[in-house]
Amino acid sequence: MLYDKPGHLARVATEIGNQNVRIGDIRLIRSGRTHSTRELVIFVSCEDQLEDVIDALTLLEGVIVEDVFDLVQAIHKGGKIATKSRVDINTISDVRKIYTPGVAAICKDIEQRPELAYQYTAIPNQVAIVTNGTAILGLGDIGAVAGMPVMEGKAALFDRLVGVSGVPILIQNHDPQVIIDTVRNIAPTFGAIKLEDIKAPECFEIEDTLDGELDIPVLHDDQHGTAVVVLASLLNATRFSGLMLRKSVVGVIGLGAAGMGISKLLTSYGVSGLIGTDLDADACKRFESIGGRACSLTDVMRDSHIVIATTGCPQLIKPEMVRKGSVILALSNPNPEIEPELAVESGAAFAADGKSVNNALAFPGLFRGALNIRATRINDKMKIAAAQTIAKCAEENELVPGLLHPEVHQAVTAAVERAGLESGAIKPW
């Protein structure tokens, strides 16, 4: 609550800024004769920073901090998703139509002609979001149940952006074979499988096996959703900096799930000069098996026109390592391998971090397009089409469009459909 006089809200905002804290939404709750009450959303990094802000505000004349609450916790209470009926059920006649005895006729039809499941059930619009919780965001192996809020978030975005029903599937097991067997057994319920936050190298075996066995799309989002948005980013970044992507030497630092997914898609796009580095010798061997050249961090930074870092190691790239005129995408969240501003100051032609390179720009349209044409897989042509479309939707001087861009997901869906049909990714009946 604060005095309802000119300048008082500005004083509050200034004091918050003095504490190195960003302000989000400001909402007027109520207005009285002399005072107004406003809700301010602020973004703090820790409890101590929040306490500093509160202490500073309480010292301002005419300002009373009435309450403090965590909006993130509030929005997660009770979960973020639910299963709801698409039909009205108001009378016993409605029940008899959707359940017994009417439903028996539909069951018999599907028994005789299995393809009718795509007409009379939710299967073709459902995607399983499968995790064992071994690589949740930047948090690592925290378990499948702790990762559920992420899976719910993915499901909520599926619904909001492209009208797909995402169903979280938690598998509390590290054994790849258990995950493979589980997904294989539940696959008939879904039109596609989205693997999520499963660590490398197990994620490669799981995806390859399921992709080979199932007749519906299987995609590990940490690899391929990330790769699509990175390719989109590079299409614009190289345009800004005057480089030709296909003729550039691209260095990948960190050859885990994201690094390998990016490397595979860039190779498919036509990048032949691919070098990379990782502390894990097996990861380097996998990289070389797809045509990359493994080398040291120093070599990558010296020889690459474009550097993509996915290590999770803040400040790994030192200013003196930056090659003049290079493009650097330091994608680890929340803290990048080098701050974009520092990279540019050190000689990079263009630099960005992972805040804007969000795989949620890719996966909704990828899956929606694949479901629409009943694809058996999401192939590289479909991913490249998605990346090119995302790049084209970016505003002038922006790397990629905003996640809630009103047209991007529909445009990606259409591009994926076309690419899938042209490349023969559809399911014959």
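Guide: The side chains of Lys194 and Asp221 form a salt bridge, with N and O 3.3 Å apart; the term denotes a side-chain nitrogen of Lys or Arg within 4 Å of a carboxyl oxygen of Asp or Glu. This pair joins distant parts of the chain, 27 residues apart: Lys194 belongs to strand β6 (residues 192–195) and Asp221 to helix α10. Helices (H or I, at least four residues) and strands (E, at least two) are DSSP runs, numbered from the N terminus.

Visitor: On what basis are such values given?

Guide: The model is predicted: local features need pLDDT of at least 70 and side-chain atom pairs pLDDT 80 or more, while totals for chains, interfaces and linings use all residues. Residues are numbered from 1 along each chain as its sequence is written, and side-chain values use heavy atoms, leaving out hydrogens and water.

Visitor: Are Lys194 and Asp221 buried or exposed?

Guide: Both Lys194 and Asp221 are buried. Buried means under 20% relative accessible area, exposed over 50%, and partly exposed in between (1.4 Å probe, protein chains only).

Visitor: Which residues do salt bridges with shared partners join into one network?

Guide: Side chains of opposite charge can pair when their charged atoms come close. Here the network consists of Lys154, Lys194, Glu196 and Asp221. The whole structure has 15 salt bridges.

Visitor: Where do the partners Glu66 and Arg30 lie?

Guide: Glu66 and Arg30 form a salt bridge at 3.2 Å, N to O. Glu66 is in the loop between α2 (47–58) and α3, and Arg30 is in strand β2 (residues 22–31). Glu66 is partly exposed, at 43% relative accessible area, and Arg30 is partly exposed at 45%.
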